[in-house]
There are 2 protein chains.
Amino acid sequence: MTSSLRKPPARASIAEYLAEAIFAGRYQPGDFVPRELDLCERFAINRSAVRSDLRQLVDVGIIERISGHGSKVREYAEWHILDPQVTEWMSRYAAPNPEIQREILAFRLDVEPYVAMTAARRATARDLVAIEEAFEGLGQNLRNASCAEERRLHSECDVAFHVAIFKATHNIVWAQLSHILRPSIHLLVTMSNENASDPEESLERHRQVMESIRMRRPKEAFLAAQAVLAGTADALGLEPGASSLGRGFELP
Amino acid sequence: MTSSLRKPPARASIAEYLAEAIFAGRYQPGDFVPRELDLCERFAINRSAVRSDLRQLVDVGIIERISGHGSKVREYAEWHILDPQVTEWMSRYAAPNPEIQREILAFRLDVEPYVAMTAARRATARDLVAIEEAFEGLGQNLRNASCAEERRLHSECDVAFHVAIFKATHNIVWAQLSHILRPSIHLLVTMSNENASDPEESLERHRQVMESIRMRRPKEAFLAAQAVLAGTADALGLEPGASSLGRGFELP
DNA sequence: ACAAAAGTATATGTTGAACAAATAGCGAAT
DNA sequence: ATTCGCTATTTGTTCAACATATACTTTTGT
């Protein structure tokens, strides 16, 4: 009786359902999702609500509506992977496509060392608090990575740690771009469950980044972030050789 | 009679109207936009259509709907400035806020040299075609920058040039991120109308970037892109000293 | 006089039905 | 065999009514 009292479970979100189905690959690019009236029936909801939710998927480039024909899933390249909602879905429902995950990681390899370097120059005390709190969380949830809930918590702290560094650049573009990290971090935590890479070592690398930022040592922060990412790439089974930026320069 | 034959002007897009009004500053963060029924009346359109358009503004974080009260414009920091539609509105209706423009330019100063460098490593012949075509357009529309239409065309070519370089990285994240360029490039063209900075010099700097990419000289591409951005920052009256990344390294 | 509670006004949220418009596929006529 | 036109299906638009949430006002009790 507690369950039914709390809340009428919001409302069955069609966007959520379809996102899950699409990201899990049950509907692939070129496929058509069920028509409006079927979705109405399936979720006992009216057409306006269905259309409102479908609009969201259209706005982020995931589906394309063809008047009088149906709603088609668009190519992966068309998806707005910079949209926070999209990255959230990606991290929650796994990669729709390993290729995108690889490209996101390549991007991270490109930029995160530079972001860490900038953070080391500009981080305020408040930024350090956020970074440290996330790091504490990482340490807390390190050992008991038994149940799924614990791993999710660890994953969230990992995301918070990297996001806090992006925000420490004090640039709104970098700050908003930090959402792109989420999918690969969640994937990492999911996979490292099997891959059993050394978590102690990973934690130590994160600590190095944090300390370098605190001590205002940009170059060390750059290198430390590179080390973290090398570990990430390794755990995900992707060679960091794909990195493009940050090469061709001799670090002092 | 030609005007009415062509097309029933699509449909008055409420999203478009409100975006113009909000980006122009007629509604500022904290303000409430007209209520649904007023918009219905003003545009002779039904409520469903109005609500559909308002949903788009909600999805990109520009407005927030408060049940039973109204639709409030959110703080600039909440706006999804990485969304292509948002950047398009920003470029079309000028900056809602000079601060955001400054931060976008700071971001460009951070990344574009590295993007050019990567493009120099990975650009295919097809990428070079796109870059060259945009460059040709830049040269064409250089002299006759008289009417507004001509300037718009020049601006589009400028955008196309930089976007082509981002795409030449062959990374989907960089490619989608290229939308962020649009606002500052349009602003530049608008302002340089008054500022009368030397267009010949700017063109030459763009040529240097293109040539460096063609010749597969990453380091030269990096420096050439920096030079282009220095010119841009100068024309916009922003000192490039705000740049964060790409500093602290000695270029070979 | 002040404060808490109840009630009212206003705007958004939800529902349902009916009609309009666009697209694909089929079939007939040239 | 090709083109034209018809029909079926699905999305797009419109309208009207009711439900719900929030802010403001009035009332009531101390």
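Which residues in helix 2 of chain A meet which residues in helix 4 of chain A?

**Entry 1: the model.** I note that this is a predicted model, in which local features need pLDDT of at least 70, side-chain atom pairs count only at pLDDT 80 or more, and totals for chains, interfaces and linings use all residues. Residues are numbered from 1 along each chain as its sequence is written, and chains are lettered from A and ligands numbered from 1 in the order in which they are written.

Entry 2: I looked up the contact (C-beta atoms, placed from the backbone, within 7 Å). Ile14(A), Ala15(A) and Leu18(A) of helix 2 meet Val50(A), Asp53(A), Gln56(A) and Leu57(A) of helix 4. By class, that contact has five nonpolar, one polar and one charged residues (nonpolar is Ala, Val, Leu, Ile, Met, Phe, Trp, Tyr, Cys and Pro; charged is Asp, Glu, Lys and Arg; the others, Gly among them, are polar).

**Entry 3: the sheet.** In chain A I found an open, antiparallel sheet of three strands in the order 1-3-2. Strand 1 (32-33) and strand 2 (63-66) of chain A each have a single partner strand, so one side of each lacks a neighbour in the sheet. Strands here are DSSP runs of E with at least two residues, and helices are runs of H or I with at least four, numbered from the N terminus. Strands pair if DSSP finds at least two bridges between them. Strand 2 and strand 3 (residues 70-73) of chain A pair over four bridges. Glu64(A) stands opposite Lys72(A).

**Entry 4: DNA strand C.** I counted 18 residues around DNA strand C, with Ser48(A), Gly68(A), Arg35(B), Glu36(B) and Gly68(B) the closest.

Methods: Contact = placed C-beta atoms within 7 Å. Near = placed C-beta within 6 Å.
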